[in-house]
Amino acid sequence: MPGLIEKLGLKPGVIYGDDVLNLFKYAREHGFALPAINVTSSSTVVAALEAARDAKAPIVLQVSNGGAAYFAGKGISNDGQKASVAGSIAAAHYIRSIAPVYGVPVVLHTDHCAKKLLPWLDGMMDADEAFFKEHGVPLFSSHMIDLSEDPVDYNISTTAKYLQRAAPWKQWLEMEIGITGGEEDGVNNEDVDNNSLYTQPEDIWNIYQTLSPISPYFSIAAGFGNVHGVYQPGNVKLQPDLLAKHQAFVADKLKSDDKKPVFFVFHGGSGSSVDDFRTAIGHGVVKVNLDTDLQWAYLSGHRDYITKNIEYLKTQVGNPNGPDKPNKKYYDPRVWVREGEKTMKARVVQALEDFKATGSL
Ligand SMILES: [Zn+2]
């Protein structure tokens, strides 16, 4: 699978508009997907970028509402979503400036935005609008709006309004229908009714019909038994084959030769089997969200480093080699934070492999 950069004319760094559309179309056609990595700091950003560079693949970097607030610093108030707006904008500028150095195309995205968080999305889109006026491109490639907990009509009509706003600057919008179970970022769906975990094909058609006249830049996170986080196996079963039914339903309505007209997103990817990923990707999933597994991977490097070097980390001076030996080179953050970057990077490299994106550039 050769030369995406050459074939699609993609440039290293943050891409938007038709470049994102062409990338996702190409991925859908050729059966691969991009991992979407939740980043919370410059350290997690560079770990993900390094993985993409070494695997020669494009990547999606995203900030969640809580991740954005963390990027801004936990010491400031998030009243009126101020910290989340400022943090996501800071992350965007950081990623924009550093991504080209890694030589990979990056889709810069923001994660779940529920109804109560809409001021966050509004604040980011104000920044997109201002950036567009100055540079002719939006600040972010893409946002997610997630009104899946609200009535379907409200979900679709409000999503349509946001897509309308994003359309002039060709920004992608990901929406959710059906519910991803589990718990993430303070949204707890551990007790929802199982039926709402599986999206119906009529809903997908309804969304497609409403959104596609506005702009082609949208994707759907449909529920097929996905769960955020990693738990003991429960009674909800992942059914990626449902996505094939949705595609067939929409293709039939459109009387289209295109067998996969819809762009799907796979939420709650952590803990899923490679088979499930690949089945879903075969049915038009172009982006797979991975968060929990990466949090775990990032911790692993720090934990193992500290466990192994604990005798060098108890005092600034004095270790098993002598009471006057300095420990500076053990507690320098460039040493121990780096260990987490290495283990996180390795997990992203594995995801790129699992989703068949490796070597696509
Ligand atoms: Zn999600």
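Me: Which residues of helix H11 are buried?

Reply: A residue counts as buried when its relative accessible area is under 20%. In this predicted model, the buried residues of H11 are Asp293, Leu294, Ala297, Tyr298, Ser300, Gly301, His302 and Tyr305. On the spacing of such residues there is a general rule. An α-helix has 3.6 residues a turn, so residues three or four places apart point the same way.

Me: What do the buried residues of H11 pack against?

Reply: Their partners are strand E2, helix H3, strand E12, helix H12 (328-331) and helix H13.

Me: Which residues of H13 are buried, and what do they pack against?

Reply: The buried set in H13 consists of Val337, Gly340, Glu341, Met344, Lys345, Arg347, Val348, Ala351, Leu352 and Asp354. These residues pack against strands E2 (34-38), E3 (59-63) and E12 (285-290), and against helices H3 (42-55), H10 and H11.

Me: How should I describe the way in which H11 and H13 cross?

Reply: One gives the approach of the two axes, the angle and the handedness. The axes of H11 and H13 come within 7 Å and cross at roughly 140 degrees. That angle makes H11 oblique to H13, since only angles over 145 degrees count as roughly antiparallel. The crossing is right-handed.

Me: Which residues meet where H11 and H13 touch?

Reply: From H11 come Asp293, Leu294, Ala297, Tyr298, Ser300, Gly301, His302 and Tyr305. On the H13 side they meet Val335, Trp336, Val337, Glu339, Gly340, Glu341, Thr343, Met344, Arg347 and Val348.

Me: What angle do the axes of helices H6 and H7 make?

Reply: The axes of H6 (residues 118-135) and H7 (residues 152-166) come within 11 Å and cross at roughly 20 degrees. These two helices are therefore roughly parallel to each other, and their crossing is right-handed. At the contact, Leu118, Leu121, Asp122, Met125, Asp126 and Glu129 of H6 meet Tyr154, Tyr162, Arg165 and Ala166 of H7.

Me: Where are Gly269 and Thr292 found, and is each buried or exposed?

Reply: Gly269 is in the loop between strand E11 (264-266) and helix H10 (274-282). Gly269 is buried, with a relative accessible area of 1%. Beyond its neighbours within four places in sequence, Gly269 is in contact with Phe277, Val288, Asn289 and Leu290. Thr292 is in helix H11, residues 292-308, and is partly exposed at 25%.

Me: Which histidines carry a "binding site" annotation?

Reply: UniProt, again in an unreviewed entry, gives His112, His228 and His267. They span 156 residues in sequence, yet no two of their C-alpha atoms are more than 11.8 Å apart, so they gather at one spot. His112 lies in the loop between strand E4 (105-110) and H6, and is buried with a relative accessible area of 16%.

Me: Which residue after H13 has a positive phi?

Reply: Most residues other than glycine have a negative phi. Lys356, which follows H13, has a positive phi near 60 degrees. Lys356 is partly exposed, with a relative accessible area of 43%. Another case is Lys56, which is not a glycine but has a positive phi of about 55 degrees. Lys56 lies in the loop between H3 and E3.

Conventions:
Residues are numbered from 1 along each chain as its sequence is written. This is a predicted model: local features need pLDDT of at least 70, side-chain atom pairs count only at pLDDT 80 or more; totals for chains, interfaces and linings use all residues. Side-chain values use heavy atoms; hydrogens and water are left out. Helices (H or I, at least four residues) and strands (E, at least two) are DSSP runs, numbered from the N terminus. Buried means under 20% relative accessible area, exposed over 50%, partly exposed in between (1.4 Å probe, protein chains only). Contact means heavy atoms within 4.5 Å. Axes are lines fitted to C-alpha atoms, for helices over the stretch in contact, and angles run from 0 to 180 degrees between N-to-C directions. Angles under 35 degrees count as roughly parallel, over 145 as roughly antiparallel, 65 to 115 as roughly perpendicular and the rest as oblique. A crossing is left-handed if the near helix is turned anticlockwise from the far one by less than a right angle, and right-handed if clockwise. UniProt positions are given in the numbering used here, feature names are shortened, and annotations may be inferred rather than shown by experiment.
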